[in-house]
Amino acid sequence: MKFLHAADLHLDTPFVGISDFSKELQAKLKASTYEAARKLFRVALEQEVDFVILAGDIFDDTDSSLKAQMFLKSEFEKLKQAGIEVLMVYGNHDYYRSNFSVIDFPDNVTVFGQEPTEKTLTTKDGQKVGVAGFSYYQQHINKNLVQDYPEREGVDYQIGILHAGVGDDNYAPFKINDLLKKGYDYWALGHIHKRQVLNKKPMIVYPGDIQGRNQNETTPKGFYLVSVENGATQLEFVQSSIYTWEKASLSVTADDTVDSLIQKIQQFLDKPNVLLTLTIENAQNLDADVVKTINRNELKQQLQNLAMPGTLYKIYLKYNSNPQLAAIDQKYWDEAEQKSINLDDIKDLDSRLYSSDVIREHINQPDFLKRIVRLTKNTINQKYTGE
């Protein structure tokens, strides 16, 4: 038995913050989620899989475009002709609502409803497989729905599709132990864009999204080809991302000029389809005029004009090791950090902002507070450089 497990296709992602890119690159980047999805369905045909699982957020928005709907219908028709089933749920981005879709998918597609239900199918090698799941009918779900999934009964292999976050109160929160208790063989997760295997026996898997959508979604993206033979489940990652977001650091000295920086940065742009976020370390060493050139985006624009294989997305200046600040007792830094930077206080600054799905996801990222601390220290270092 073979199947594909993908999630978070986010068709029609707007890719905000790319206005500095050429019009051609902007268009290609906005089309990249479709290209990544084409590869997903092409691999399904090439590998002659039994079925494809799409674990939520297939569309980037609940108001999905006709283009995205017709694209999926066309791809699903190809799978139908090859005898491949599609089992999908909607997530918090593309939650189901009235008049959600203006077209009907072919009959090889099962879209799970509001409550957890099960679909049973028989694979080419004769295995009877149960697949259970549910779709979002609203943006946020505060209830753990794992307990409502059907019990395993009369199947050779049991799969659960779940678009949710571990302990995330707004997105069908669950604990890994909740999944283990169900006795399923495979949990096909969606929602988290970082590829990760939470457990191996049974498999509890986030495939991540199929195309990175911003500078924080680094590394190649894709989906899993899952093979089951003699009761053993094997995963094979398949890259689908057209563009890869990467991060790099460059340490500078007082001798560095605009020309030397251009030469050094070019070395990071030698791989095609890479979108690079560059941090310049020890920026306090740079001449003030060089800093102005960077802050005005003139250096970035010059590098973008060189038509390198990769593309420079952003440059961040990091001011390190200010002697005045280094002399302060570390405990005062720690005390100030604890009093000044509190996640609950940040959430309470503006409840309207925190109610935004995008901002909520950003604030709830594990390293959000660490980034705030780094930015704060960097701002203080910059302010007191040279004083």
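**Notebook: cores, rings and salt bridges**

I began with Lys221, which counts as buried at 5% relative accessibility. The model is a predicted one. I then looked up the partner of Lys221: this residue forms a salt bridge with Asp209, and the closest N and O atoms are 3.4 Å apart. Lys221 and Asp209 are 12 residues apart, both in the loop between β10 (203–206) and β11. Asp209 also counts as buried, at 0% relative accessibility.

I searched the whole structure for salt bridges and found 14. One of them joins Asp20 to Lys300, with 2.7 Å between the closest N and O atoms. Asp20 is in the loop between β1 and α1, and Lys300 is in helix α6 (residues 298–304), 280 residues apart. Is each end buried or exposed? I noted Asp20 as partly exposed, with a relative accessible area of 38%, while Lys300 counts as buried at 6%.

I also looked up Lys80, which forms a salt bridge with Asp107 at 3.2 Å between the closest N and O atoms. Lys80 lies in helix α2 and Asp107 in the loop between β3 and β4 (109–111), so the pair ties together parts 27 residues apart in sequence. Lys80 is partly exposed, with a relative accessible area of 38%; Asp107 is exposed, at 62%.

Next I turned to the nonpolar cores. The largest has 32 residues, and Leu9, Leu11, Phe41, Leu54 and Phe76 have the most contacts inside it. Elements that each supply at least two residues include β1 (2–6), α2 (66–81) and β11 (222–229). Which element gives the most to this core? I found that α1 does, with seven residues. Leaving out residues up to four places away in sequence, I listed what Leu9 touches; among them are Thr33, Phe41, Leu54 and Ile210. Apart from this core lies another, of 22 residues, including Val89 and Tyr186.

Then I checked the aromatic rings and found 15 pairs in the whole structure. Phe41 lies in helix α1 and Phe76 in helix α2, so the pair ties together parts 35 residues apart in sequence. Both are buried. Phe134 and Tyr136 form a stacked pair, 5.9 Å centre to centre with 15° between the planes. Phe134 is buried at 1% relative accessible area, and Tyr136 at 0%.

Last, I looked at charges over rings. The charged end of Arg195 sits over the ring of Phe237, 3.7 Å from its centre. Lys67 lies over the face of Tyr34, at 4.6 Å from the ring centre.

Note on methods:
Residues are numbered from 1 along each chain as its sequence is written. This is a predicted model: local features need pLDDT of at least 70, side-chain atom pairs count only at pLDDT 80 or more; totals for chains, interfaces and linings use all residues. Side-chain values use heavy atoms; hydrogens and water are left out. A nonpolar core is a set of buried Ala, Val, Leu, Ile, Met, Phe, Trp, Tyr and Cys residues joined through side-chain atoms within 4.5 Å. Buried means under 20% relative accessible area, exposed over 50%, partly exposed in between (1.4 Å probe, protein chains only). Helices (H or I, at least four residues) and strands (E, at least two) are DSSP runs, numbered from the N terminus. Contact means heavy atoms within 4.5 Å. Rings of Phe, Tyr and Trp (its six-membered ring) pair if their centres lie within 6.5 Å; planes under 30 degrees apart count as stacked, over 60 as edge-to-face and the rest as tilted. A charge sits over a ring if NZ of Lys or CZ of Arg is within 6 Å of the ring centre and within 35 degrees of the ring normal. A salt bridge is a side-chain nitrogen of Lys or Arg within 4 Å of a carboxyl oxygen of Asp or Glu.
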